[in-house]
Amino acid sequence: MEAIMKKILVSALCSLAIICSAFAQEAKAAYPYDRPINIVVPFGPGGSMDIAARILGDYFLQKHKINVNVINKPGGSQAIGMNDVLRARPDGYTIAFPTFSVLATTPKLSNVGYDINSIKPICQVTTLPATMAVHKDSGIKTLADFIEKAKADPENTVFATTAAISYQRILFTKVLNRFHEGLKVRHIAYNSNHEVSTAVLGKHVTAGVNIPANTAPYAESGDFNVIAIAGTERHPAFPDTPTFAEIYKDQMTPEDNSWISVSSWGGFLASNKVSDDKIEILDKLIKEALQDPEVIEKFNKVKIDIVYLDSKDFMKEIINSSDLVDSLLQGKKTLD
């Protein structure tokens, strides 16, 4: 009898071990560990979002054994990449890493098949505040100097941004309309932030409204004077440069606070069909990565600011950016 009981006990323990092993394997293979995550970057290689995605992908591989494929899908003012994500199976394994224009402007300028209601925000990773710079030899030291030059010589005062309707152009045009009514400043659109910086460096334009990562190297070399920047506070790379809110604080109304500090966000989006539990898992993983000292060091090295917002607060930022564009376009398809 004792021998029979021992056999039963051994058999039960073996069965329990098998069950526990099965549960462990199932847990290990649960989302998002069972297959690679595709991060669709709607820009070409080498830009801020592409670099940030690869830094985060390396962290997920090293720390969590999660494989990440960074897929560059430029074109269509980010619509090509965004639509690829929205057409993918909504299982949380294909997510987008775009910026401001993908929702704030692109769907309002053409029928791209999606809008703000088509997505679920995962989290914001960074902001790219509009950064206005001039050549050191321009004689312009402040934004007030630029405005005076525009008034005195409108034909030869030009500001440059990427694209015909980009975040940078939207924000600076709003500044001009709100605080310098009637003043028209010529605008030139370039294909990339690098081209904007090159145009300022070559004195082809009076000023470039760019992003910190593309402006900082020229400011550090002494080639650029950085005269204004968006954001709620001064940027660490340009501690002597006032924000637009600082510059116009004596003229601002409470309503101006809703738009003047808006920056171009960079963050992760998913299809609105992805389940909330998977959004929460991704949010926590990305937040963890952004708190890692090595990740922080890598971001700082390439001058990408970590400005994390969870899904709920990120949606508020997306709505604010969309409202800024609506207030300026008012149903139009152009700023010209």
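Colleague: Where is glutamine 78 found?

Modeller: This is a predicted model, where local features need pLDDT of at least 70, side-chain atom pairs count only at pLDDT 80 or more, and totals for chains, interfaces and linings use all residues. Residues are numbered from 1 along each chain as its sequence is written, and side-chain values use heavy atoms, with hydrogens and water left out. Helices (H or I, at least four residues) and strands (E, at least two) are DSSP runs, numbered from the N terminus. Glutamine 78 sits in the loop between β2 and α3 (79–87).

Colleague: Is glutamine 78 buried or exposed?

Modeller: Buried means under 20% relative accessible area, exposed over 50%, partly exposed in between (1.4 Å probe, protein chains only). The relative accessible area of glutamine 78 is 5%, so glutamine 78 is buried.

Colleague: What is phi of lysine 65?

Modeller: Most residues other than glycine have a negative phi. Lysine 65 lies in the loop between α2 (48–64) and β2 (68–72). Its phi is positive, near 55 degrees.

Colleague: Which residues does a cis peptide bond join?

Modeller: Most peptide bonds are trans. Here omega is about 5 degrees, and the cis bond joins tyrosine 31 and proline 32.
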